[in-house]
Amino acid sequence: MSTIRPAKITKVLPDSIAAEIGFEAGDAIVAINGTRPRDLIDYQFLCADEVLELEVLDAAGKSHQIEIEKDYDEDLGLEFETALFDGLIQCNNRCPFCFIDQQPPGKRSSLYLKDDDYRLSFLYGSYLTLTNLPEREWQRIEQMRLSPLFVSVHATEPEVRIRLLKNPRAGQILEQIKWFQERRLQIHAQVVVCPGINDGKHLEQTLRDLASFYTGELPAVASVAVVPVGLTRFRPDKDELTPVTPEKAQEVIYRVRSLSQQFRQQFGSGFAWLADEWFLIAGEELPSEAEYEEYPQIDNGVGSIRLFLKQFAESATKLLPPKIYPKRKLTWVVGNAVEKAFQPILKSLNAVDGLEVNMRALSSDYWGQKISVTGLLTGHDLLLNLDEQDLGDGILLPKVMFKHGELVFLDDMSIDEVGRRLNTNILPIAGVEELINSCIADF
């Protein structure tokens, strides 16, 4: 069992209870009502009470006892260095397609942490395999009703899943989903398709097996995302994997769409969803907005392009002026996978008198990919493609390129270093409004 460290505070929200009391960044919570919180889930649960007795360490290491009376469920207004105060539950699978193992050596250690932690799944929607959970963690999921969780299924046939995860416990997935069903808990599933291993009839079997849990008022499996395997030039030798070709993408699209049609007739929902990348690789049109229903797998890249286009069209009429002054010229960097899809946005931005936006759609030399999604572009790729180019007044960089909200690329290069070497302003953007405002507002 990991040691529980005091929960270090990084931010105190203004006008909050914590600000009123005098909490500061650098303070740390040791215990709440005599219990040491293991993680953010414990913290939120323990802080729901109306009377709190806190043991706190200040930045100098001095201990304080603080009593707080507040309304039930009222938030204290604290943010922490990490969501896990007792360390990460690490992954002991050896999936050949694991992105962590497809990175070059010599980068910062946090890039090599393989998490398989149900708490990050519950809090942030990251995927776990369920192969690394001790019994006490299963009990905690049940007792605290930690649902939904996000589960990497990949295959339901035991021998296929064991082959993929290189873990004999991987074959228990259907029994584990049954466990969720019996307790009225939910999962969202994902299947990373590796051609020649879990595609074809195996993919069909997996989706049918998962759909068998889409029953009752609270289906144990709420949705499935089908995602293409992403390979880099750093991947291990003899890993059995082959890249997804346009032909393979077309085949998977046809197979999953056919099944989704059956599910729609049976359940009133498509249930299984294709990540946008399939359509980009196949060179096919993205599905219509109606096909995505409530966007249940948006964070897994299912419908994110269609939703972005819709949100831009809605916001452009309200936010884009007919003219700006002084004139402005910007370079918008995206992965070449979305170049065609984003042309309507580019056209709309350039219709503003005085605004010129040039799109640079790049592939990733760093990862060795011909087709790249925006989130995998690195500082290396920007320097390689944009050095000594006319970038105008600055470059627009989607924040999906950066690691966990830090302004650091996946190759460990900082945004400051890239801006300095390209001698330009870098404008990190997330979402439609930031894109539009960065184009029309003064720096």
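**Reading a buried aspartate and a helix pair**

Modeller: In this predicted model, the side chain of D411 reaches the backbone nitrogen of H380 at 2.8 Å, and the side chain of D411 also reaches the backbone nitrogen of G379, at 3.3 Å.

Colleague: Where does D411 lie, and is D411 buried or exposed?

Modeller: D411 lies in the loop between strand 13 (395-398) and helix 13 (415-422). Its relative accessible area is 5%, and because buried means under 20%, D411 counts as buried.

Colleague: Which residues of helix 12 are buried, and what do they pack against?

Modeller: An α-helix has 3.6 residues a turn, so residues three or four places apart point the same way. In helix 12, which spans residues 379-386, the buried residues are G379, D381, L382, L383 and L386; they pack against strand 11 (323-335), strand 12 (353-362), strand 13 and helix 13. Just after helix 12, E388 takes a positive phi of about 60°.

Colleague: How should I read a pair of helices, and at what angle do helix 10 and helix 14 cross?

Modeller: Two packed helices are described by the angle between their axes and the distance between the axes. Here the axes of helix 10 (residues 304-319) and helix 14 (residues 431-440) cross at roughly 45° and come within 9 Å, and the two helices are therefore oblique to each other. The crossing in which helix 10 passes helix 14 is right-handed.

Colleague: Which residues make the contact?

Modeller: Helix 10 contributes F308, Q311, F312, S315, A316 and L319, while helix 14 contributes G431, V432, E433, L435, I436 and I440. By class, this contact of helix 10 with helix 14 has eight nonpolar, three polar and one charged residues.

Terms used: Residues are numbered from 1 along each chain as its sequence is written. This is a predicted model: local features need pLDDT of at least 70, side-chain atom pairs count only at pLDDT 80 or more; totals for chains, interfaces and linings use all residues. Side-chain values use heavy atoms; hydrogens and water are left out. Axes are lines fitted to C-alpha atoms, for helices over the stretch in contact, and angles run from 0 to 180 degrees between N-to-C directions. Helices (H or I, at least four residues) and strands (E, at least two) are DSSP runs, numbered from the N terminus. Angles under 35 degrees count as roughly parallel, over 145 as roughly antiparallel, 65 to 115 as roughly perpendicular and the rest as oblique. A crossing is left-handed if the near helix is turned anticlockwise from the far one by less than a right angle, and right-handed if clockwise. Contact means heavy atoms within 4.5 Å. Ala, Val, Leu, Ile, Met, Phe, Trp, Tyr, Cys and Pro count as nonpolar, Asp, Glu, Lys and Arg as charged, and the others, Gly among them, as polar. Buried means under 20% relative accessible area, exposed over 50%, partly exposed in between (1.4 Å probe, protein chains only). A polar contact is a pair of N or O atoms within 3.5 Å; within protein, one must be able to donate a hydrogen and the other to accept it, and residues adjacent in sequence count only if both atoms are side-chain atoms.
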